[in-house]
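Here's a quick briefing to read with the model open beside you.

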Amino acid sequence: MSRKEARQYPKQVVVVSDLHAGCQMALCPPSGARLDSGSLYVPKGPQASLWPVWEEFWRWVEQVTEGQPYDLVVNGDALDGVHHGATTQISHNLADQERLACDILRERVAKAARFFHIRGTEAHVGKSAESEERVAHELGAIPNEEGQHARYDLWLRLGGPKGPLVHFLHHIGTTGSSAYEATAVHKELVESFVEAGRWGDEPPRCIVRSHRHRALRVHIPVADGEALAVVTPAWQMKTAFAWKIPGARLSQPQIGGTIIKFGEEAGLYARSFTRRRERSHEV
């Protein structure tokens with residue numbers, strides 16, 4: 001494969017999701033966020049501790065990708081929106097949140113070979129993901145055949161026409177029990193095989209989901225190796241909503257992202273960078 005083709009068809013993809021830009025419990029650069037009023041919001045306390053982890057993650061990306069080109073996928077919920085009566089947003093002006101999401105991602109998009117954006121949850125990103133569409137358009141995400149810069153799903157082939165097929169979509173089922181954390185993920189992978197077989201389509205070799213803010217990988221054997229399902233961690237700490245729901249209320253926030261790689265000898269595999277937010281201190 002020529003250098004130009006390698007750039008066009010990278011063998012690795014970096015996935016980040018659930019940035020929830022605009023939430024006081026999520027990412028905001030140390031320089032702050034300029035608001036429509038002209039005021040400057042500057043992160044303090046726990047929120048300020050997230051940005052060094054973001055920078056650490058991208059240093060890890062540089063090591064794992066080994067200087068080779070990679071695609072970037074933002075797998076939904078790039079901003080927090082105005083939702084569920086929450087009061088944790090830095091601004092209820094969606095233009096402020098959209099601008100912040102662009103500020104967080106712009107440098108990272110510029111370093112990727114290609115950039116794709118997946119639509120998240122309407123409660124966060126608006127009906128038909130209108131806010132996320134504006135962010136993806138501003139950042140230059142590759143549009144789908146309908147012209148949507150933020151798309152509902154993505155079929156991406158790593159390394160060119162003969163490489164493995166990866167399917168990206170934001171949503172995945174959740175559970176209130178850690179004992180069944182892998183159930184919905186394994187089910188999603190199996191159902192992907194069933195649906196492909198039903199219509200004679202090629203099944204995905206890997207599926208990538210987000211939404212539940214927890215990192216997980218499930219591997220199952222297939223004829224010529226393994227298929228895998230990947231769920232990405234998030235970039236938001238626990239909100240008031242998370243403190244009351246089963247499963248989330250006891251767990252520590254999982255912060256980070258994922259890289260999926262394909263090699264002729266190593267095959268297809270995924271690596272996740274995950275950091276925790278420590279539990280409350282004892283008294």
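A salt bridge here is a side-chain nitrogen of Lys or Arg within 4 Å of a carboxyl oxygen of Asp or Glu. By that rule, searching the whole structure turns up 18 salt bridges. Keep in mind that this is a predicted model, where local features need pLDDT of at least 70, side-chain atom pairs count only at pLDDT 80 or more, and totals for chains, interfaces and linings use all residues. Residues are numbered from 1 along each chain as its sequence is written, and side-chain values use heavy atoms, with hydrogens and water left out.

A word on labels: helices (H or I, at least four residues) and strands (E, at least two) are DSSP runs, numbered from the N terminus. Buried means under 20% relative accessible area, exposed means over 50%, and partly exposed is in between (1.4 Å probe, protein chains only).

**Salt bridges**

- D96 pairs with R99, with their closest N and O atoms 3.1 Å apart. Both sit in helix α4 (residues 94–111), and being 3 residues apart puts about one helical turn between them.
- How buried or exposed are the two partners? D96 is buried at 4% relative accessibility, while R99 is partly exposed at 34%.
- Helix α4 also holds R106 and D103, 3 residues apart and so separated by about one helical turn. Their side chains form a salt bridge at 3.3 Å, N to O.
- R106 is partly exposed, at 37% relative accessible area, and D103 is partly exposed too, at 40%.
- D224 and R205 make a salt bridge at 3.4 Å, N to O. D224 is in the loop between β10 (216–222) and β11 (225–231) and R205 is in the loop between α7 (183–199) and β9 (206–209), so this pair ties together parts 19 residues apart in sequence.
- D224 itself is exposed, with 60% relative accessibility.
- E98, E130 and R134 are joined up in a salt-bridge network.

**Pockets**

- Some ground rules: on a 1 Å grid over the protein atoms alone, a pocket is an open set of points where a 1.4 Å probe fits, with protein on both sides within 12 Å along at least five of seven lines; lining residues have an atom within 4 Å of a point. Grid points are joined across faces, edges and corners, and a volume is the space filled by probe spheres set on the points.
- The largest pocket holds about 940 Å³ of space. It is lined by 38 residues, and H213, F241, A242, I245 and A248 are the closest to its centre.
- For lining classes, Ala, Val, Leu, Ile, Met, Phe, Trp, Tyr, Cys and Pro count as nonpolar, Asp, Glu, Lys and Arg as charged, and the others, Gly among them, as polar. The largest pocket's lining splits into 11 nonpolar, 20 polar and 7 charged residues.
- The second largest pocket comes in at about 470 Å³. Of its 21 lining residues, M237, P253, R277, E278 and R279 are the closest to the centre.
- Which elements each supply at least two residues of the second largest pocket's lining? They are α3 (50–65) and β13 (267–276).
- By class, the second largest pocket's lining has 9 nonpolar, 5 polar and 7 charged residues.

**Positive phi**

- D18 isn't a glycine, yet its phi is positive at about 55°. You'll find D18 in the loop between β1 (12–16) and β2 (33–34), buried at 0% relative accessible area.
- H84, also not a glycine, has a positive phi near 50°. H84 lies in the loop between β4 (71–74) and α4, and is exposed, with a relative accessible area of 66%.
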